[in-house]
Amino acid sequence: MPLPPLVRRWPRAARLALLPLLLTCCLSCTGGGSGGADPSVAGAPGAGDRLFPEAGNGGYDVTHYGLDLSYDPASGRLSGSTAVTATATQRLARFDLDLSGLTVASVAVGGRPATFSRAGDELTVRPARPLARGARFTATVAYAGVPATLTDPDGSKEGWLRTSDGAVALGEPVGAMAWFPCDNHPSDKAAFDLTVSVPNGLTAVSNGELAATTRAGGRSVFHWRTSRPMATYLATLAIGHFTVSRSATPGGLPLYTAVDPRSDDPETAAALRRIPEILDWESGLFGPYPFASSGAIVAHLPSGEGGYALETQNRPFFPGADGPPAAPLSTLVHEMSHQWVGDSVTPRSWQDIWLNEGFATYTEWLWAAHEGGDSLDTSAAAAFGDSAAWAFPPASPPTAADVFAPPVYRRGALVLYELRRTLGDSTFFRLLRAWPAEHRYGNASTADFTAFCHRFTGRDLTPLFRTWLYGTSKPAQL
Ligand code: TRP
Ligand code: ZN
C-alpha cells in the first residue's frame, strides 16, 4: 500500500520505526489477526429494518443471484450452489448472507476459498482477502439439505413448502433464506438466473422467462431468467406435475401459466383466461406493464398449508387446495396489481408494506365496481366499518406480526379513497399512473409517497395523511 505523502518525506529511520505500527493496524483492519473484530470492516448482520432487524445485511449491494440447484422430490433434498454477485459499499473483511437451515459445504469469494461460520440465520463469510469499498465480487455458496418451512410471527407458513409430488418456495417476508443464501431484504433488488434440475416428467416454474430446457440422464433442467431487479421475497420456484400453457396477450406479452391439474377448478380456469384483460385494465390504471412476461402458478398444497396467494414476480402464485377455488378473480386482480405496486415499485422497508397492500386492495375495489359488483363507496364503507382495520395506522405496523393485518390492506386502501375524493378523478388517476413510473424497478418508502403526492399535486395534503395514514384514532366519519 502506498505511504501517505507526508510519511514519504520522513527520514528512512523514522519510516522504519513506523512500520510495526502500520502492520498491526493493517492486520486488525483486514481482520487477518483478529477474525475481523473491527466492526468497521464487518458488514452489518441486518439491513436496519425496524420490524425485521435481522433481515438483509449491510456492506454490499447484490446485483445478481445465480442459483444452480437440483431437487429430489422423494427425499425432499435440495442441493447445489448460489452465486451472489455484489458490490461492496464499504471495506469488508467479513460480511453476512441470510440462510436458514441447510448445510453449507463451501464458500468461495472471487473463486478463492473463503472461511465461513453460521449463527442462527446468519452465514458469515470471510474472504481470503478483504474486499475494498466499491469492489465487485461474487460469493459462491455450495449447500444441500431439506429446506425448512418457516413460521412467521403472524403464524403463516413460508419458505419451502413440500407438496405430494414436489415443492413450492414462497418468500414473503423472509422465506427466501430457506432455499438460497441472500441479502434478504426488499431494499436490495437484483437480477436472477435460476437453473434447476428435476426428474423427467416434473416441471420447474419460476419468475422471469424460460431461457432454456434441457434433458440429460433422466433429468430435466429448467433455466429461468429474471432480468428486471427482483426483491428476494418475490422469488419463487414451483416443482411438480403441471399443465403448462404458453400464449401471449393481444399486445404480444408472453404468458406462461402452470396449473396443477388437481387445482384446475372451473372458477380458476375462467379467471386465468382473463389475464390479458386484467393486465390491460391495470395498465390503464398504473401505466405500462413493467415486465417482459406474465402468467400464473397454481399449485396444490396439502390442506392447511400456505393458504394465501403471493405476487411472485411476473407469475403470481395461487394455492390450490381441495375445495375452494385456487385463484378467485378478485385475488387474481389483486396479485396482478402487485406487479406494479410491490414488484416493480418495492417497499423500502417492511413498515412500508401498505404501499403494496393498500394499493392492491384499492385495485380490487375498482375492479368490483368495473365488473358491476360493489360500488367503490360500498367497499370503502365496509372497510371503514371494520373495527379490525383501525387497530393501528397503516404507515406504522407495530410489530412483525402485523404486516399483513387489516389496517395495512383496508385502511391502506382508504388512504387512496380519501386522496381521490380530495384531488378529484383527473388528478388522482394521473397520480396513480405517475407513481409506478417514478420508482419503476426500484424502492419507495411512505415518506417518498407523501413527498411525491405533494410535489405532483402542488397541494398540502398533510392533514389527509395525518388522519388516514398516521392517525391512531378513527375519524368520526368517512
Ligand atoms: N402479500 C400477499 C398478498 O396480499 C399476502 C401474504 C403474504 C400474506 N404472506 C402472508 C397474508 C402471510 C397473510 C399471511 O398478496
Ligand atoms: Zn397483496
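## Buried cysteines and a zinc site

Cys453 is buried, with a relative accessible area of 0%. The model you are looking at is predicted, so keep that in mind as you explore. Cys182 is buried too, at 0% relative accessibility. How many disulfides does the structure hold? The count is zero. As background, a disulfide is a covalent bond between the sulfur atoms of two cysteines.

Now let's turn to the metal. Which residues coordinate the zinc ion (ligand 2)? They are His334 and His338, each through its NE2 atom, and Glu357 through OE, at 1.9 to 2.0 Å. Along the chain, these donors follow the spacing H-x3-H-x18-E. His334 belongs to helix 5 (residues 329-337) and Glu357 to helix 6 (residues 354-370), so this pair ties together parts that are 23 residues apart in sequence.

Are His334 and Glu357 buried or exposed? Buried means under 20% relative accessible area. His334, at 6%, is therefore buried, and Glu357, at 1%, is buried as well.

Here are the residues with their accessibility values:

| Residue | Relative accessible area |
|---|---|
| Cys182 | 0% |
| Cys453 | 0% |
| His334 | 6% |
| Glu357 | 1% |

Finally, let's look at the annotated region. The unreviewed UniProt entry places the feature "domain: Peptidase M1 membrane alanine aminopeptidase" at residues 331-468.

Conventions:
Residues are numbered from 1 along each chain as its sequence is written. Chains are lettered from A and ligands numbered from 1 in the order in which they are written. This is a predicted model: local features need pLDDT of at least 70, side-chain atom pairs count only at pLDDT 80 or more; totals for chains, interfaces and linings use all residues. Side-chain values use heavy atoms; hydrogens and water are left out. A disulfide is a pair of cysteine sulfur atoms within 2.5 Å. Buried means under 20% relative accessible area, exposed over 50%, partly exposed in between (1.4 Å probe, protein chains only). UniProt positions are given in the numbering used here, feature names are shortened, and annotations may be inferred rather than shown by experiment. Donors are N, O and S atoms within 2.8 Å of the metal (3.2 Å for Na, K and Ca); water is not among the atoms, so sites may look incomplete. Helices (H or I, at least four residues) and strands (E, at least two) are DSSP runs, numbered from the N terminus.
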